[in-house]
Amino acid sequence: PNSKIMNHKLTELSEELLNYPKMIEELQLEILEKNVALTKTDEKISNIESKIKTEINAEVDANGKKVYSNAEAREAELIERTKFNSDLAELRQEHDYLQKEIQEARIKVESFGNQQRNIRSILHFFANSSELAEQL
């Protein structure tokens, strides 16, 4: 009876092992899609920031002098203006969300790879054990 249970468990493990490549592939494709979305989001962020920088660089006072004459002043003004830009805030939130999703999917891929190796090792161990038992 024990060998029947053991054979059943080993069969289940073998079937599970066959599922991992497809599961890993699906996650990797998901990561690829999310990376494309992340790149698009980053481009949108960059475009908005560039427009704001252009506005800051073009700003002049009543005498025609640049309002933000040095790099530190321009950078400080950029930070100030981007704080209150709702489109930018939404895109940054999307950026963070996508990064988190990508990291979680990568962790799952790694976990599935580890489980796959562990099952292979178990099956290999029992295959060698049964060969040894047959020789005795």
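This is a predicted model: local features need pLDDT of at least 70, side-chain atom pairs count only at pLDDT 80 or more; totals for chains, interfaces and linings use all residues.
Local features were considered at pLDDT of at least 70 and side-chain atom pairs at pLDDT 80 or more, whereas totals for chains, interfaces and linings use all residues. Residues are numbered from 1 along each chain as its sequence is written, and side-chain values use heavy atoms, with hydrogens and water left out.

The structure contains 8 salt bridges, defined by a side-chain nitrogen of Lys or Arg within 4 Å of a carboxyl oxygen of Asp or Glu. In helix 1 (residues 2-58), K22 and E25 lie 3 residues apart, about one turn of the helix (helices being DSSP runs of H or I, at least four residues, numbered from the N terminus). Their side chains form a salt bridge at 3.8 Å, N to O. K22 is partly exposed at 46% relative accessibility (buried, under 20% relative accessible area; exposed, over 50%; partly exposed, in between; 1.4 Å probe, protein chains only).

In helix 3 (residues 86-135), K100 and E104 are 4 residues apart, and the closest N and O atoms of their salt bridge are 2.8 Å apart.

A network of salt bridges links E55, E59, E77 and R81. E77 belongs to helix 2 (residues 71-83) and is buried, with a relative accessible area of 17%. Leaving aside residues up to four places away in sequence, E77 touches I56 and Y68 (contact, heavy atoms within 4.5 Å).

The structure also holds 2 aromatic pairs (ring centres of Phe, Tyr or Trp, its six-membered ring, within 6.5 Å; planes under 30 degrees apart stacked, over 60 edge-to-face, the rest tilted). The ring centres of F125 and F126 are 5.2 Å apart with planes at 80°, so this pair is edge-to-face.

Key: Helices (H or I, at least four residues) and strands (E, at least two) are DSSP runs, numbered from the N terminus.
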